[in-house]
Amino acid sequence: MFDKLKDIVTHLREIASDIDVETMDGKSAAELVRISEDARRVIDGLRTSAIGRVGTTEAWRVGGSKNSAEWVALHTGTPIYEAQAVVILADQLRHLPQTFEAMNSGKISTAQAVEVARGATAEPYSEERLLNLAKSATVRTLRDEASRVIAAATDEVERHKRIHKNRSLKSWIDPDGAFNLKACMTVANGALVLAALTPFQDEIFKAARKSGEHATPEAYAADALMALCAAKTAGAQGSIATKPTRSSAVMNIRIDIDALKRGHTVDGEICEIAGVGPIPVATATEYLGEAFLKLLVIDGVDIKTVAHMGRAIPAPLRTAIEERDRVCQVPTCDVTLGLEIDHIKPFAEGGPASLENLVRLCKRHHLQKTHDGFRLIARGCEGSGDESQLRSEPRWVWRAPGSADQEASRDLDLSDAG
Ligand SMILES: [Zn+2]
């Protein structure tokens, strides 16, 4: 039945073994990655729908597997959690023909399909919007949006209670001898943990950068947890605690004003702790008045009015920028740590400290823009009426020195900014 397909796989294997990657130049290697990704998408689509069919026909029962996922893990050599994810995706895709088609035609990757299906299963009307977002956004942005869709579509108070009831903190020593820590809790409580860690993490990151060290954000987060524990212990013993200089941890809650009035969110609205995840409106209102929480109400384009003359960036403006640019604003750059505020039009050339003229970039992209002639060009997205898309789609196009800028908006002077 699959003779032709099997022949192609054999043929593909032959071609692959004839390709000498080691002697290849970088440009060819990059092209090979794109071609391989194309091929992988075709095969992933086929594999996912076949796994779905094994599920519905209960072919997994042959051989005594407990369920579909166990069968997949056994027969494909994948870990059980990955097998479970693909079984769930296959099941969801049976009810989402558009996403199924996008995946099978190679328009979206499996990772993107997982996020679209997650959101669209909770709220079918969101399918097209999430698929559109998948074209331009990173998987991380797509995941955030899918989480928002799910939060708006489910009984949030009920879900919040259930998650809190099942809260846990587990530790174990793995086969390698490493100490592992795993916690599960509500987004609201998780945000408290992150807010306590962030000042330490920022300090450690800055110190490491000064000394020329480079480690992953995850490594710095682990260091931050250690610093927090050390500070706590030192404090209890009455000696001087190792301090983060910016000790006031702040969480920003972003909430649509209509959701706040109504008491719950509907599709397209958000109520979340910025950079962490969605929370019930009831939890947000519970937090109102707690001094360490700032509530940032999103009412259309209201926060755009924050502006200030002079080089210094006042606190409310900084908060608004931090909440708007939670990752480096160069499209597809997902860096969240050590972001720096850049004047798009330099202050020396009269560029104001306004929400429109400030943007957060990672260290590397900031340096490239300041010294290497890279430019951020505003995307012409004023025509789109879909507000939730405006929130997530990249606002900028990143241009290497000397490249054409057809999409440039000419009223902004973007050259040689700093
Ligand atoms: Zn960046």
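Among contacts in the chain between residues at least 6 apart in sequence, 59% join residues at least 24 apart. The model is predicted. Its chain has 418 residues, and 27% of them count as buried. The secondary structure comes to 16 helices and 12 strands.

**The largest nonpolar core**

This core holds 31 residues. Val116, Ala117, Leu130 and Ala134 touch the most other members.

| Helix | Residues |
|---|---|
| α5 | 97-104 |
| α7 | 127-136 |

The largest share comes from α4, with 6 residues. In general, nonpolar side chains tend to be buried together in soluble globular proteins.

Now take Val116. Leaving out residues up to four places away in sequence, Val116 touches Thr99, Ile108, Glu127, Leu130, Leu131 and Ala134.

**Helices α5 and α7**

Two packed helices are described by the angle between their axes and the distance between the axes. For α5 and α7, the angle is about 20° and the axes lie 9 Å apart. An angle under 35 degrees counts as roughly parallel, so α5 is roughly parallel to α7. The crossing of α5 past α7 is right-handed.

Which residues make the contact? On α5 they are Gln98, Thr99 and Ala102. On α7 they are Glu127, Glu128 and Leu131. By type, the residues of this contact divide into 2 nonpolar, 2 polar and 2 charged. Thr99, Glu127 and Leu131, named in this contact, are also among the residues that Val116 touches.

Methods: Residues are numbered from 1 along each chain as its sequence is written. This is a predicted model: local features need pLDDT of at least 70, side-chain atom pairs count only at pLDDT 80 or more; totals for chains, interfaces and linings use all residues. Axes are lines fitted to C-alpha atoms, for helices over the stretch in contact, and angles run from 0 to 180 degrees between N-to-C directions. Helices (H or I, at least four residues) and strands (E, at least two) are DSSP runs, numbered from the N terminus. Angles under 35 degrees count as roughly parallel, over 145 as roughly antiparallel, 65 to 115 as roughly perpendicular and the rest as oblique. A crossing is left-handed if the near helix is turned anticlockwise from the far one by less than a right angle, and right-handed if clockwise. Two residues are in contact if their C-beta atoms, placed from the backbone, lie within 7 Å. Ala, Val, Leu, Ile, Met, Phe, Trp, Tyr, Cys and Pro count as nonpolar, Asp, Glu, Lys and Arg as charged, and the others, Gly among them, as polar. A nonpolar core is a set of buried Ala, Val, Leu, Ile, Met, Phe, Trp, Tyr and Cys residues joined through C-beta atoms within 7 Å. A residue is buried if 20 or more other C-beta atoms lie within 10 Å of its own, exposed if 12 or fewer, and partly exposed in between; C-beta atoms are placed from the backbone.
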